[in-house]
Amino acid sequence: MDLARGLAVLGMLAAHLLDTERVLTPDPESWITLVNGRSSILFAVLAGLSIALVTGGTRPLPAERRPRAAARLAMRGAMLWVIGVLLVMTGVPVYVILPAYAVLFVLALPFLGLRARGLLTAAAVFALVMPWVQPVLDAAPIWSGPGGDELAALIGWNYPFTTWIAFLLAGMGLGRLDLRAPAPQGLLVTVGGSLALAGYGAALLTAPAVRGNAYLAVVLTAEDHSAGLWEVIGSGGFAIAVIGACLLLCRTPLRWVAVPLRAVGSMPLTAYVLQLVVWAIVALALLGDTSDLYGIREAGLFAPLVAGLVVLCTVWVLVIGRGPLEALIDRAVRAVVGGDVVRPAAQLR
């Protein structure tokens, strides 16, 4: 999971700072476009998986223990929302995902008692139904009225919770499986890969048929950040396949080669926040404007930022342990609500 989270964090950074506006082709130079949209969806699926692991894993917590678990998740969501809003205020030209995370954490609370089958069924229902509703919600007058942009930023509407709840529930469903065994890990690769092929293949097949129909064009699409039906199926499947592949890889000695990426993924909140803060500081110093996306891309920030982030996270994890923001949130939650309901699995084993 740490490896998958590390890939998601660096993938989101690449989507922001590299030229990823290309058509995906067999040419390896175009493969960087894979990070567009898919990195953030992988992040959301992993968030659901983490929620499942800390609320019972393969066995959901009994009813009498769920209120405390729900309170812990709600407080974590509230703290993520505050951090997300502060990042939005830096003016860095990215769609900050943390406010959407906060909303999704709250929406996950009624589903804590479900087992894998119920969670995956709920995820499938949202995935198949909500892309048809999303264009109507996106066209609501509230978004174009006074304060519409600010409201969208406050709730992370660029990652609309109405559709993205499918990714979170899918991750929770995966977390209710016994992912320590190789068979389920291989199953994730197979099922996820099949869903990805089905979603992206359907997008290619239906593209000619939806031309000229504005509604169907935004529903039957795999375009990144569209919340279209084929994106939800294809990119959701891609995320599941990546998680399965990372689990399988970490059964081999390659897990030690992947330690730097796993270190980034073991402190994803710290890594995510740090990259945006450094971005804002560098942009302000070099360009005098934190919102100049093309200027910061031309400055070549991506490579040194990735290198510094990987080195810093690796040293921190090996010398100190848990990431600073992760530890801060955990202490705050413990102080207000109490200790962990389920002890998280040790990292970097």
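Q: Is R180 buried or exposed, judged by its relative accessible area?
A: This is a predicted model, in which local features need pLDDT of at least 70 and side-chain atom pairs count only at pLDDT 80 or more, while totals for chains, interfaces and linings use all residues. Residues are numbered from 1 along each chain as its sequence is written, and side-chain values use heavy atoms, with hydrogens and water left out. Buried means under 20% relative accessible area, exposed over 50% and partly exposed in between, with a 1.4 Å probe and protein chains only. R180 has a relative accessible area of 68%, so this residue counts as exposed.

Q: Which residue meets R180 in a salt bridge?
A: A salt bridge is a side-chain nitrogen of Lys or Arg within 4 Å of a carboxyl oxygen of Asp or Glu. The N to O distance for R180 is 3.0 Å, and its partner is partly exposed, with a relative accessible area of 35%. That partner is D178.

Q: How many salt bridges does a search of the whole structure find?
A: Side chains of opposite charge can pair when their charged atoms come close. One of the pairs is D2 with R5, whose closest N and O atoms are 2.6 Å apart. Over the whole structure, the number of salt bridges found is 6.

Q: Which helix holds both D2 and R5?
A: D2 counts as buried at 9% relative accessibility, and R5 likewise counts as buried at 12%. Helices are DSSP runs of H or I with at least four residues, numbered from the N terminus. D2 and R5 lie 3 residues apart, about one turn of the helix, and that helix is α1 (residues 2–17).

Q: How many residues apart in the chain are R76 and D330?
A: The side chains of R76 and D330 meet in a salt bridge at 3.1 Å, N to O. This pair links distant parts of the chain, with R76 in helix α3 (residues 66–88) and D330 in helix α17 (residues 324–336), and the separation is 254 residues.

Methods: Helices (H or I, at least four residues) and strands (E, at least two) are DSSP runs, numbered from the N terminus.
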